[in-house]
Amino acid sequence: MINQLIPYLWYFFIYGFFGWCTEVVYMASCHGKFVNRGFLNGPSCPIYGFGMVLVVWCLTPLKENVVVLFLGSVFLTTLIELVTGFCLEKFFHNQWWDYSNLPFNFHGYICLKFSLLWGIACTMVMDIVHPALEKLVRILCSTPGYVLLVACCLVMLADTIETISDILKFNKRLEKIDEVAQRLQKLSEEIGSNLSEGTITAMEKGEEWKENMESKKQQKEKERQEAKEQLEKLLSQKMHANRMLHAFPDMKNRVHTEALRRLKEHARHAKQGKMN
């Protein structure tokens, strides 16, 4: 049983790496620079690995029929992209990619354009790349290969744990940004309200009341400045998840939408400042 699973583990790691390379090339062609386009820190896109493992496992017996291979690839890759996107959002409240602006999409998780592209890519890979890869994996199914495979598993496990930890911290950061931003807005409203009411009352009650209101105003202004500085500090923090904002510019957070918008805007202004 284990011997039967080992080739699929190799397919997962190799196709995950190929997928990462594909994403890097795509982003470089679109933006003219390197972007580490992956959920993890390392050079791997697990969704590509899982997708190709599923295609190889389910469709190898049918690969001689190109039409069935293509349609099956479209279905399987679309299914795994939908499930992955849905689960990532449910677990982490973040939607890493968003196809909402493309026609024939489903809640931004999947769309017809990329489903067809995945189908074409998988058909070509199964016909051209996979036969050669099978020969390579047979060579790797040896003692040195097993050691390397275990090392790959341990590295990816550590990377996954670190990434999940960073994302949970990132979500806490978004929550804190929302809290501080709401407090800042409340303090600003209180200052404005007290200023207008205090002016009218001071005219009626005299200088002593005016001094008292001025003292309260200064205290509220001090609290507002402290909240503003705290918000700026939160927005400026360097975290692993900041790389994800760069790699996935369409990333959304359903719980802290406004905080994520502030963070993206701050990152964009900081980037423009460096360029200038």
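Visitor: Is Trp20 buried or exposed, and what is its relative accessible area?

Guide: In this predicted model, Trp20 has a relative accessible area of 15%, and it is therefore buried, the limit being under 20%. Phe17, at 37%, is partly exposed.

The whole structure contains 10 aromatic pairs. One of them joins Phe17 and Trp20: the ring centres are 6.3 Å apart and the planes meet at 20°, so the pair is stacked. A pair of aromatic rings is described by the distance of the centres and the angle of the planes. On these terms, Phe92 and Trp96 form an edge-to-face pair, with 6.1 Å centre to centre and 85° between the planes. Phe92 is buried at 10% relative accessible area, and Trp96 is buried at 4%.

Phe17 leads on to the surface. With Phe18, Leu117, Ile120, Met124, Ile128 and Val129, Phe17 forms a nonpolar patch whose accessible area is about 620 Å² together. Helix H1 (2-31) and helix H4 (112-140) each supply at least two residues of this patch. The largest share, five residues, comes from H4. Val129 lies in helix H4; because its relative accessibility is 32%, Val129 counts as partly exposed.

Technical notes
Residues are numbered from 1 along each chain as its sequence is written. This is a predicted model: local features need pLDDT of at least 70, side-chain atom pairs count only at pLDDT 80 or more; totals for chains, interfaces and linings use all residues. Side-chain values use heavy atoms; hydrogens and water are left out. Patches are made of residues with over 30% relative accessible area and no salt bridge: like charges are joined within 9 Å, nonpolar side chains (Val, Leu, Ile, Met, Phe, Trp, Tyr) within 5 Å. Accessible areas come from the Shrake-Rupley method with a 1.4 Å probe; for residues, only the protein chains shown count as cover. A salt bridge is a side-chain nitrogen of Lys or Arg within 4 Å of a carboxyl oxygen of Asp or Glu. Helices (H or I, at least four residues) and strands (E, at least two) are DSSP runs, numbered from the N terminus. Buried means under 20% relative accessible area, exposed over 50%, partly exposed in between (1.4 Å probe, protein chains only). Rings of Phe, Tyr and Trp (its six-membered ring) pair if their centres lie within 6.5 Å; planes under 30 degrees apart count as stacked, over 60 as edge-to-face and the rest as tilted.
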